[in-house]
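Hello,

I am handing this structure over to you, and I hope you enjoy looking through it. My notes on what was found follow below it.

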Amino acid sequence: MLSNLEDFISTALYSLEKEEKTKIYKQALGELTKHHYSNCKEYRKILDTLNFNPNIENNIKSVPSLPVRLFKEYDLYSVDKSDIIKTMTSSGTSGQSVSKIYLDKSTATIQTKILAKILSNFIGKKRLPMLIIDTKAVLKNRNSFSARGAGILGFTMFGFDVTYALNEDMSIDYESIKTFLDKHQNQDILVFGFTSIIWEHFHKPLLNNEDNQIKINKGILIHGGGWKKLENESVDSLTFRNLIEHSCGIKKIHNYYGMIEQTGSIFMECEQGHLHCSEYSDIDILNDSLENIDNNKTGLVKLYSLLPYSYPGHIILTEDRGEILGEDDCKCGRKGKYFKIYGRVQNAEIRGCSDTYESKAK
């Protein structure tokens, strides 16, 4: 584990400005790069092939990033195999290979701590009664999770009396939901789900079933992944918010962006509708030549995280397009870069949690 990460956890969230964060990242990412180079032979081969020496002082932006597809092709881990306690897999449609992320105890623990810290900034530190817009059947092997199952399980630690809103056939379980809401009248309710599943299997059926109305007026909805289907229906984040409020009464809605390759250091959407980097994550946007480009220009998303220790996922090149909107000056008051995601690059594999469900269903 990074020598200074435990101390860094106590830092107030969204408080570091650009100059201070840059200084910390230069040391921390350099330390992580040396660790992975020394302990992951595949990572070492990549850096050697690129003639990159991690043992000399480097600019952070010059450290090679691993394309996310490499996690589908190779078993990448930087700890003894006997220390791996959990393997997470990305979602993949039939016939596709999946990413494999190997976690030791310390990496899994720190990812959980940081996820809790980030989410509490938006929903508070108190655990809330929780409604999951999905089926309980998605949770299978506790030692090997899909991205969808891992996402659900990861967020359940923020709630109690966890109730699943959908039956195994993905239809709405009206009876369970109404019993849950009656039990927690006048309480804030934490609602979690994947965007496309909420849209297709909760929002649309509610609109079409006037006899069974569900109103979660004190709900706080956290959702992410699976925007492809909604984009095809010309539904953006603002439209999604407005229509979900209409169908089930939820007014507080936060989208999040994250990848299984960097679990824990997710990017939450603020009240202004912007995705934010925390102290534990960062982003760059690259052009077609993989060179950094300025803010307010669209390009390929490169992500940084301080958390991956058991596998070399600290600097990754995604298959998403995005745009950095600004840094340290969002009207919500949170420091750090804030940005927008525009979806996959052309011809990239569908790999979102709920998009995968839709592909399999078809």
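**Notes on the model**

Y14 sits in the loop between α1 (5-9) and α2; helices (H or I, at least four residues) and strands (E, at least two) are DSSP runs, numbered from the N terminus. Before going further, please note that this is a predicted model, in which local features need pLDDT of at least 70 and side-chain atom pairs count only at pLDDT 80 or more, while totals for chains, interfaces and linings use all residues. Residues are numbered from 1 along each chain as its sequence is written, and side-chain values use heavy atoms, with hydrogens and water left out.

Back to Y14: this residue is buried, with a relative accessible area of 4%. Buried means under 20% relative accessible area, exposed over 50%, and partly exposed in between (1.4 Å probe, protein chains only). The phi of Y14 is near 55°, a positive value in a residue other than glycine. N296 also has a positive phi without being glycine, near 65°, and N296 belongs to the loop between β12 (281-286) and β13 (299-305).

**Helices α2 and α3**

Helix α2 (residues 18-39) and α3 have axes that come within 6 Å and cross at roughly 110°. Axes here are lines fitted to C-alpha atoms, for helices over the stretch in contact, and angles run from 0 to 180 degrees between N-to-C directions. The two helices are therefore roughly perpendicular to each other (angles under 35 degrees count as roughly parallel, over 145 as roughly antiparallel, 65 to 115 as roughly perpendicular and the rest as oblique). On the α2 side, T33, H36, Y37, S38 and N39 meet K41, Y43, R44, L47 and D48 of α3; contact means heavy atoms within 4.5 Å.

E42 is part of helix α3 (residues 41-49) and is partly exposed, at a relative accessible area of 22%. Leaving aside neighbours within four places in sequence, E42 is in contact with Y74, D75 and L76. E42 and P312 are 270 residues apart along the chain, and their C-alpha atoms are separated by 9.6 Å.

**Helices α8 and α10**

How do α8 and α10 cross, and at what angle? The axes of helix α8 (residues 195-207) and helix α10 (residues 237-248) come within 9 Å and cross at roughly 40°, so α8 and α10 are oblique to each other. The contact involves T195, I198, W199, F202, H203, L206 and L207 from α8, and F240, L243, I244, H246, S247 and C248 from α10.

**The nonpolar core**

The largest nonpolar core has 98 residues, and L131, F155, F202, I216, I222, F240 and M268 touch the most other members. Such a core is a set of buried Ala, Val, Leu, Ile, Met, Phe, Trp, Tyr and Cys residues joined through side-chain atoms within 4.5 Å. Helix α5 (residues 105-123) gives the largest share of this core, eight residues. Not counting residues up to four places away in sequence, I216 touches L131, L181, I189, V191, F202, C248, G249 and I250.

**One more loop**

Finally, have a look at Q272, in the loop between β10 (267-269) and β11 (275-276). Q272 is partly exposed, with a relative accessible area of 41%, and touches C330, K331 and C332, not counting residues up to four places away in sequence. The C-alpha atoms of Q272 and S38 are separated by 42 Å.

Best wishes
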